[in-house]
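The stops below follow one another as selections.

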Amino acid sequence: MVSVIPHKTRSEPVDEPTMGTKLPFPAGHRTRGVEDEPRPRTAFVLSGGGNQGVSQVGMLRALLERGIVPDVVIGTSAGALNGAAVAYAPNLTGVAQLAVVWEQLQADHVFPGGRIHRAWNVVRRGTHLFGNEGLAALIHNSTPARSFSDLEIPLRVIATDLDTGEEVVIARGPLKPALLASTALPGVFPIVEHAGRRLVDGGVVNNVPLWHALSGPVDRIFVLNVSSGAGDHAVRSPLDVVMTSFMHARNQRYELERRHAIEHVDIIDLPRPHDGRDLFDFSGAHALIESAYQLSMRKLDEYERELADRRAAAAAKAAADEAIVREQRRRFRLRRGA
């Protein structure tokens, strides 16, 4: 039995559906009231990756244990699903409940029917291999939020317009169709019709939506990229070929956006554990969460040391500059006295 996060009652009306390619998030958004000291404006970017999305749970745990809470969450596919959960409950309790969902998840929950049914779906006519009832149940169990207005933190969900190839950002309205669209792997799950568009998986055009984080007022971006590398697992089926081809194109886009990022914004890539499972394998969730957590904690240690070194260097430079100014003033007074 999958645990369900308790629903919070909210008084706001349900938002109207709004989609586009540029939706900057509000500046200075906070979820914990007024803080005594300003903290860096922070974005979490969660990639797609199918069953590999389980590792993002360990990454989120590491971030929240360090008191790093996002001002905006941007997610594609499985990353959108995890992002919705943390945007609703941005705390360790919410992450623990999300871990329970992933640890209890099995292939038949998402891809019903087993291997024989999958083989039959391949040869029959149709636009998809599986229905999305399993995905809908996973969304229901991951978060009780039914609308973007139920979320504590702004969320941006990335999908793809099947007819135009346009990258679509969904930020308002009902949450379930947005998440179903973002996770609708083409040919595997049904096309989702939402707000007058036919939508499929956002990973088709943007699997690591870094640029949407850079379009808002941010000081640092934590990237939770769990999409596999070329050597992570063997190519055993036509679907593996498709997924590997997508992976190459998506990685190239992310690297390009990374190189052209704004200099004053810190971009911290959290390391992912090796995950050689195929698309239909949901085993070993607990071990992957723990491994991702440990790797992320070490990365955050490095980042904090880097910040401390930067602050020390800045303080030393400021002290040196002040000493130069004092010396210049002293010499000026001496010249005037002469």
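A residue is called buried when its relative accessible area is under 20%, exposed when that area is over 50%, and partly exposed in between, using a 1.4 Å probe and protein chains only. Helices (H or I, at least four residues) and strands (E, at least two) are DSSP runs, numbered from the N terminus. This is a predicted model, in which local features need pLDDT of at least 70 and side-chain atom pairs count only at pLDDT 80 or more, while totals for chains, interfaces and linings use all residues. Residues are numbered from 1 along each chain as its sequence is written, and side-chain values use heavy atoms, with hydrogens and water left out.

**Helix 2**

Select residues 78-88, which form helix 2. Eleven of the eleven residues of this helix are buried, so the rest of the structure largely encloses helix 2. Among them are Ala 78, Leu 81, Asn 82, Val 86 and Tyr 88.

Now step back to Ser 77, in the loop between strand 3 (72-76) and helix 2. Ser 77 is buried as well, at 8% relative accessible area. Its phi is near 55 degrees, a positive value in a residue other than glycine. Most residues other than glycine have a negative phi.

**Ala 195**

Next, select Ala 195, in the loop between strand 6 (192-194) and strand 7. Ala 195 also has a positive phi, of about 55 degrees, although it is not a glycine. With a relative accessible area of 49%, Ala 195 is partly exposed.

**Asn 206**

Move on to Asn 206, in the loop between strand 7 (197-201) and helix 8 (210-214). Is Asn 206 buried or exposed? Its relative accessibility is 2%, so Asn 206 counts as buried. Show the residues it touches (heavy atoms within 4.5 Å): leaving out those up to four places away in sequence, they are Thr 76, Ile 158, Glu 167, His 212, Arg 253 and Glu 257. The side chains of Asn 206 and Glu 167 make a polar contact at 2.8 Å. Such a contact is a pair of N or O atoms within 3.5 Å; within protein, one must be able to donate a hydrogen and the other to accept it, and residues adjacent in sequence count only if both atoms are side-chain atoms.

**Helices 1 and 3**

Finally, select helix 1 (residues 55-65) and helix 3 (residues 92-104). Residues of helix 1 including Val 57, Leu 60 and Leu 64 meet residues of helix 3 including Val 95, Leu 98 and Trp 102.

Notes:
Axes fitted to C-alpha atoms, helices over the stretch in contact; angles between N-to-C directions.
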